[in-house]
Amino acid sequence: MSFNATAFGDYCASAVEDQSTDVAALCQVYNLATDGTNAAGDLSDGLNTFFLLFSGALVFLMQAGFAMLCAGSVRQKNVKNIMLKNLLDACGGAIGFYTIGYAFAYADNASDSKTFIGNKNFLLLSFDGSGGEWIGWFFQFAFAATAATIVAGTVAERCKMQAYLCYSVFLTGFVYPVVVHSIWSGDGWITAFRDDPWQGVGVVDFAGSGVVHMTGGATALVAAIILGPRKGRFYDEDGNPLETPVSFPAHSVALQILGTFILWFGWFGFNPGSALAIDNSVSAETAALCAVTTTLAAACGCVTSMFTDTMIEKSATGEVSYDLTAAMNGALGGLVAITAGCSVVTPWAACIIGIIGGWVYLGFSKFLIKMKIDDAVDAIPVHFANGMWGVLAVGFFADPDLMAIAGYNDFPGVFYGGSGELLLCNFVSIVWICAWVFFLMTPFFVILNVMGMFRVDPLEEEVGLDISHHRGPGYDMAGAKKEDVEELMEVRASKHGKVEVPKEVAQAAEDTA
C-alpha cells in the first residue's frame with residue numbers, strides 16, 4: 001500500500017472544516033514536515049544555481065584571460081585587432097548559442113533513441129524557468145564561447161574581421177553543438193549518460209578536453225593551414241623558404257603572464273563547475289577533487305615544459321636560459337590535459353598527466369614549425385594536441401571508484417586493470433571530433449579564402465591591422481616634441497641659471513622627433 005499525498009491533503013482540509021481536533025493535529029504535523037521538505041528543496045536549488053552562476057562567471061572570465069594572453073603575444077601593431085576579436089567571440093558565441101546552438105546541443109528529445117543532433121529549444125522559446133534551465137544555458141554558453149576564442153590567437157595578425165565573425169557564429173551555432181550533443185547530451189550516440197552507453201561506459205570527458213578544446217584547436221589547425229603563415233615567418237619576400245624561421249617577439253610579457261593566471265583562475269570554474277551541483281556530499285567531493293587535480297596538472301605541465309626546453313637548449317648550444325613562453329604554455333597544456341579526467345583520476349595521476357602535457361606541448365609546437373604552420377600564440381599545441389592527450393589519459397588513469405562517484409559506470413582505466421573499453425570509447429571520440437571539424441571547417445575556410453574574405457591585404461598586414469582596420473594604433477606612443485623640451489629648458493635656465501637637459505630627456509625628444 002502506498003501513501004497518497006493528494007488524498008491525505010484533501011482529507012486534512014475536510015477535517016479542518018469539521019473541526020476534528022485529533023485529525024487536525026495530525027494534519028498540522030504533516031504540513032510542518034512538508035513545508036520543511038519544500039524549504040530544503042528550495043535551498044538546494046538556490047545553492048546549485050549559485051554554484052553554476054559562480055562557475056559560469058569564472059569560465060566567462062577566461063575570455064579576459066585569452067584576450068590578455070593574445071594581446072601580449074602579438075606585435076604592438078595588432079593589439080586592438082586581437083582584443084576586438086576576443087570581445088566579439090563572446091558576442092558571436094552568445095548569439096549563435098542562443099539562436100540554434102543550445103537547441104542542437106541539449107534538446108530534450110521525446111524518444112530514448114540515440115540521435116545525431118538536437119531539435120528543440122531554438123531561441124530558448126520552450127523554456128519555462130523550471131529545472132534550472134536558465135542557469136544551465138548560461139553555464140553552457142560560457143563553454144561554447146571558450147571553444148570559439150581558442151582560434152583567435154592562432155589566426156592573429158592576418159585574418160579579416162568578417163571571416164572571424166562568420167566562423168565564430170558557425171562554430172558556436174552548429175559545429176560545436178553537434179559535438180556536445182554526441183558526448184554530453186543524454187541521447188548522444190557515444191555519451192556516457194545513457195542507460196545503455198556504448199561499450200558499457202561511453203565517452204568520459206568530464207569538462208571538455210575533447211568537446212571544447214579539441215574542437216576549438218582542430219578548427220584553429222584548419223584555419224592556420226588555409227590562411228597561411230604571417231609575412232616573413234617562414235619565407236622571404238620572394239617566396240623562398242628561410243633557413244631559420246623568424247620569431248616575432250611578443251610585445252608585452254606582462255600581458256601574457258596576466259592572461260595565463262586569469263585562465264588558470266577561470267579553470268577552477270571550468271573543471272569543478274562541471275560537477276553541476278554542490279548540494280550533496282558526492283557532488284562536493286567531485287568538485288573538490290577537480291580543484292586539486294587541476295592545480296597539480298597545471299603546475300607539473302609548467303615546470304616540465306620549461307625545464308625540458310632548457311635542457312634542449314643546453315644540449316644544442318651549451319647555454320642555459322629559462323623560457324617564459326614554454327612555462328606559460330606548459331601550464332595551459334597541463335590544464336587542457338586534465339580537463340577530461342579531473343573528476344576521475346587521483347592526484348598522482350594528475351601529476352603524470354600534467355608532466356606529459358608539458359612534453360606534448362613542446363613536441364607539437366616544434367612539429368608545427370617544421371611543417372611551416374604558423375600559430376601566433378601556440379594555441380594548437382596547447383588545445384588540440386593536449387586535448388587529445390587528455391581524452392586518452394582518462395582511458396589509462398581512470399579510477400573505478402572515482403568514476404562511480406562522478407556519476408559514470410565504474411569502468412577502470414588500463415592502469416587499474418581495465419580491459420580497454422573506456423580507452424576505446426575515448427579514442428573513438430577523438431576520431432569523431434577530428435573528422436567532424438575537418439569535414440565542416442575545411443570547405444568553410446576554403447570558400448572564405450576563394451572569395452577573398454579570409455586574409456587581409458599584404459600591405460595592410462605589413463602596416464598592422466590596428467591602423468589598417470581600426471582607426472589607429474592601440475598605443476599612443478607620441479612623446480613631447482623636441483622644440484617644446486628645449487623651450488622648457490630655456491625657461492628654467494632664465495629663472496634659475498644654466499640648466500642642462502638630461503641626456504635621457506634629450507634622447508627621448510630626439511626619438512619622438
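Colleague: Where in this predicted model is Leu125 placed?
Modeller: Leu125 sits in the loop between helix 3 (79–106) and helix 4 (133–154).

Colleague: Why is Leu125 called exposed?
Modeller: The cut-off for exposed is over 50% relative accessible area. Leu125 has 68%, so it counts as exposed.

Colleague: Which residues make up the nonpolar surface patch that includes Leu125?
Modeller: The patch is formed by Tyr98, Ile100, Phe122, Leu123 and Leu125, and covers about 440 Å².

Colleague: What share of the chain's contacts with a separation of 6 or more joins residues 24 or more positions apart?
Modeller: That share is 75%.

Colleague: How do you know that the length of helix 8 agrees with its number of residues?
Modeller: The expected span is 1.5 Å times one less than the number of residues. Helix 8 covers residues 281–317, which is 37 residues, so it should span 54 Å; its end C-alpha atoms are 54 Å apart, and the two values agree.

Colleague: What makes Asn280 a cap of helix 8?
Modeller: A side-chain oxygen of Asn280 lies 3.1 Å from the backbone nitrogen of Val282, at the N-terminal end of the helix. The limit for a polar contact is 3.5 Å, so this pair qualifies. After helix 8 comes Gly318, with a positive phi near 85°.

Colleague: Why is Thr215 called buried?
Modeller: Buried means under 20% relative accessible area. Thr215 has 0%, so it is buried. This residue belongs to helix 6 (residues 209–227).

Colleague: What does the side chain of Thr215 reach?
Modeller: It reaches the backbone oxygen of Val211 at 2.7 Å.

Colleague: Is Thr219 buried or exposed?
Modeller: Thr219 has 0% relative accessibility, and the cut-off for buried is under 20%, so Thr219 counts as buried. Thr219 is in helix 6, and its side chain reaches the backbone oxygen of Thr215 at 2.9 Å. Not counting residues up to four places away in sequence, Thr219 touches Val151, Leu171, Val437, Met441 and Phe445.

Colleague: Why is Phe411 called partly exposed?
Modeller: Partly exposed falls between the 20% limit for buried and the 50% limit for exposed. Phe411 has 22%, so it takes that label. Phe411 is in the loop between helix 12 (400–405) and helix 13 (421–450).

Colleague: Which residue is 210 positions from Phe411 in sequence but 6.7 Å away in space?
Modeller: That residue is Val201, with the distance taken C-alpha to C-alpha. Val201 is also one of the residues Phe411 touches, including Gln199, Gly200 and Pro400.

Colleague: What makes Arg230 and Asp374 a salt bridge?
Modeller: The side chains meet at 2.8 Å, N to O. The limit is 4 Å, so the pair qualifies. The pair links distant parts of the chain, with Arg230 in the loop between helix 6 and helix 7 (253–270) and Asp374 in the loop between helix 10 (347–370) and helix 11 (379–397), 144 residues apart. Both Arg230 and Asp374 are buried.

Colleague: How many salt bridges does the structure hold?
Modeller: It holds seven. One of the residues involved, Asp374, also forms a salt bridge with Arg233, with the closest N and O atoms 3.2 Å apart. Asp374 lies in the loop between helix 10 and helix 11 and Arg233 in the loop between helix 6 and helix 7, so this pair ties together parts 141 residues apart in sequence.

Colleague: Why is Arg233 called buried?
Modeller: Its relative accessibility is 10%, and buried means under 20%, so Arg233 counts as buried.

Colleague: Which residues are linked in a network of salt bridges?
Modeller: The network links Arg75, Glu157, Arg230, Arg233 and Asp374.

Terms used: Residues numbered from 1 in each chain as written. Predicted model: local features only at pLDDT ≥ 70, side-chain atom pairs only at ≥ 80, totals over all residues. Heavy atoms only, no water. Patch = residues over 30% accessible without salt bridge, like charges linked within 9 Å, V, L, I, M, F, W, Y side chains within 5 Å. Areas by Shrake-Rupley, 256 points an atom, 1.4 Å probe, with all protein chains shown as cover. Helix = DSSP H or I, 4+ residues; strand = E, 2+ residues; numbered from the N terminus. Buried < 20%, exposed > 50% of the residue type's maximum accessible area, 1.4 Å probe, protein only. Contact = heavy atoms within 4.5 Å. Polar contact = N/O pair within 3.5 Å; in protein donor to acceptor, adjacent residues only side chain to side chain.
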